Amino acid sequence: MSDSTSPTHAPASGTDPVPNRIHARPVPRPGRLVAAVVVLVLAAMAANALITNDAFRWDVVWLYLRDTVVLRGVMWTLILTFGSMALAIVLAITLAMMRRSDNPIMRWVSWAWIWFFRGTPIYTQLVFWGLLAVLYPRLSLGIPFGPEFFTFRTDDVITAFWAALLGLALNESAYLAEIVRAGLTSVDPGQTEAAKALGMKDGKIMRRVVLPQAMRVIVPPTGNETISMLKTTSLVIAVPFTLELTYATSAIGNRIFLPVPLLVIAALWYLLITSILMVGQSYLEQYYGRGFGTATGGRGRGKGPRGKQAAIAAAGTVPVDITKEVTP
């Protein structure tokens with residue numbers, strides 16, 4: 001008798017096709033019911049505190065939720081988020097490959113990059129990017145300690161937007177590089193050796209063999225970093241870049257002397273965008289988790305330890321059902 005059920009044998013009946021069928025009854029767990037009631041009461045109290053508190057000024061929230069300045073802030077926040085993440089991903093893949101290189105200079109440069117950008121606060125880095133034109137009023141391209149071929153003013157090239165984008169991307173690349181390196185390390189080295197035995201080049205092995213399998217490990221933390229980047233964009237005021245969502249709503253709140261409703265508006269927009277990103281991350285995890293027993297839900301995706309066998313059976317490449325146990 002298990003802890004989860006209390007089986008009883010039903011009397012034999014002519015209508016029951018299975019003789020001596022066991023009718024299991026769940027073990028009563030009153031603690032779960034009490035915990036659920038407590039959680040529901042606390043949730044109702046929190047909802048009541050939000051709805052009935054006049055300080056939130058929900059009428060002002062609804063009025064400015066679709067304001068032009070707020071929508072423009074949402075647009076710039078999304079541009080900063082996806083632009084910096086795209087650049088950070090390219091840099092991270094490069095840094096991860098440099099960490100795995102046989103060249104000691106490549107390994108040292110990659111390690112120094114990750115050490116520096118992970119070791120200093122993002123706000124401090126953004127402040128320095130904002131002061132770039134003060135530190136280096138003029139930028140040039142040429143031979144070090146030699147002649148200069150091109151010269152231009154820093155203010156003309158590195159505007160506040162590009163300073164914010166580069167600051168976010170370079171900082172994020174250090175974290176993503178370690179995520180990518182962990183994903184590449186998770187792939188069995190024997191697959192690389194088998195691909196080399198077939199005559200595949202290193203670049204093709206990375207694109208066709210290693211990276212597709214490493215994505216199963218890379219995607220979940222990268223999704224978390226993307227959501228974190230969405231909220232980190234609120235720090236670009238250090239550059240200063242004043243068009244993103246947090247600064248836009250704060251400026252309106254200070255102008256009408258109602259900061260709380262505008263902070264609620266910013267929070268609602270962040271929650272909406274985060275929810276959409278979480279849905280996209282879930283689909284990506286299911287796609288790259290196919291055949292590994294880690295995908296949940298969806299068509300043709302297994303759940304539990306037999307997910308790989310279910311995926312093979314669903315592919316129709318074998319003439320028999322491999323999920324059935326066969327006794328010789």
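I looked up Trp76 first: at 22% relative accessibility it counts as partly exposed, given that buried means under 20% relative accessible area, exposed over 50% and partly exposed in between, with a 1.4 Å probe and protein chains only. The model is a predicted one, in which local features need pLDDT of at least 70 and side-chain atom pairs count only at pLDDT 80 or more, while totals for chains, interfaces and linings use all residues. Residues are numbered from 1 along each chain as its sequence is written, and side-chain values use heavy atoms, with hydrogens and water left out.

I then searched the whole structure for aromatic pairs and found 8 (rings of Phe, Tyr and Trp, the last by its six-membered ring, with centres within 6.5 Å; planes under 30 degrees apart are stacked, over 60 edge-to-face, the rest tilted). The rings of Trp76 and Phe241 have centres 5.7 Å apart and planes at 75 degrees, so I noted this pair as edge-to-face. Because Trp76 lies in helix H3 and Phe241 in the loop between H10 and helix H11 (245-256), the pair ties together parts 165 residues apart in sequence (helices are DSSP runs of H or I with at least four residues, strands are E runs of at least two, numbered from the N terminus). Phe241, at 5% relative accessibility, counts as buried. Ring pairs also link Trp76, Phe161, Trp162 and Phe241 into a cluster.

Last, I checked Leu126 for contacts (heavy atoms within 4.5 Å): leaving out residues up to four places away in sequence, Leu126 touches Ala164, Gly167, Leu168, Leu235, Val236, Ala238 and Val239.
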